[in-house]
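This report walks through a protein model, from its outline to its packing and then to a few single residues. Please keep the sequence and the structure in view while reading.

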Amino acid sequence: MLHLGTETGSRTTATTQAATGAPAPTAPPADHGTEPCDLVTVPARQGLEAVDILRRGADQEAVGPVLHDGACDTLGFLVPPGTAEAWDVPGSACTQTDGRGLRIPAEPPVSGSGWLLPPEGDAPVTDPAVLRAALDQAARLIEAADNCS
């Protein structure tokens, strides 16, 4: 699971089963980006489906930078600061930074992770409402696929 280190002033706001049980990588001490953001983490299967849904949509730039952890168990979507305050999507977690620590960097901000979709120029972070809808649709698709066997 992607988690930011405590030195960023962050906290995990969701305690679902998917949000627990994995060791937390540590964030590097300095970020060089300019836009503060929170981090929504989801299981990789649901996250990959959501990325596909977002990229196939009318606005193909609806998805911002996305991290994947080294073990490829989770994906992390960069979202606007303050998202964690109201994030309640089952099976996911949102790490809050209050704009104090995580900013969009050129290098992945969590050790042991890499960019699935790297930040590009002035590309925005993912809109939380759009992400929520994509994650809900992805969960329904996964459930339907799993029930077909």
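## How to read the model

This is a predicted model, in which local features need pLDDT of at least 70 and side-chain atom pairs count only at pLDDT 80 or more, while totals for chains, interfaces and linings use all residues. Residues are numbered from 1 along each chain as its sequence is written, and side-chain values use heavy atoms, with hydrogens and water left out.

## Overall outline

The protein has 2 helices and 6 strands, and from the N terminus on these elements follow the order β-β-α-β-β-β-β-α. Helices (H or I, at least four residues) and strands (E, at least two) are DSSP runs, numbered from the N terminus.

Of the 149 residues, 44% count as buried, a word that here means under 20% relative accessible area, with exposed meaning over 50% and partly exposed lying in between (1.4 Å probe, protein chains only). The accessible surface comes to about 7,500 Å², and 52% of this surface belongs to carbon and sulfur atoms; such areas come from the Shrake-Rupley method with a 1.4 Å probe, and for residues only the protein chains shown count as cover. Among contacts between residues at least 6 apart in sequence, 81% join residues that are at least 24 apart.

## The nonpolar cores

A nonpolar core is a set of buried Ala, Val, Leu, Ile, Met, Phe, Trp, Tyr and Cys residues joined through side-chain atoms within 4.5 Å. The largest such core has 21 residues, and those with the most contacts inside it are V40, L54, V66, F77, W87 and L131. The elements that give two or more residues to this core are β2 (38–43), α1, β4 and α2. A second, separate core of 6 residues includes L39, L67, L78 and V125. In soluble globular proteins, nonpolar side chains tend to be buried together.

L67 has its place in strand β3 (residues 66–69) and is buried, with a relative accessible area of 0%. Although L67 and L117 are 50 residues apart in sequence, they are 6.9 Å apart in space, C-alpha to C-alpha.

V79 belongs to strand β4 (residues 74–79) and is also buried, at a relative accessible area of 0%. Leaving aside neighbours within four places in sequence, V79 is in contact with C37, D38, L39, V40, C94, V125, T126 and L131.

## Two partly exposed residues

D127 is found in the loop between β6 (113–117) and α2, and D127 is partly exposed, with a relative accessible area of 37%. The C-alpha atoms of D127 and P80 are separated by 7.2 Å, while the two residues are 47 residues apart along the chain.

A133 lies in helix α2 and counts as partly exposed, at 45% relative accessibility. Between the C-alpha atoms of A133 and L54, which are 79 residues apart along the chain, the separation is 9.4 Å.

Note on methods. Contact means heavy atoms within 4.5 Å.
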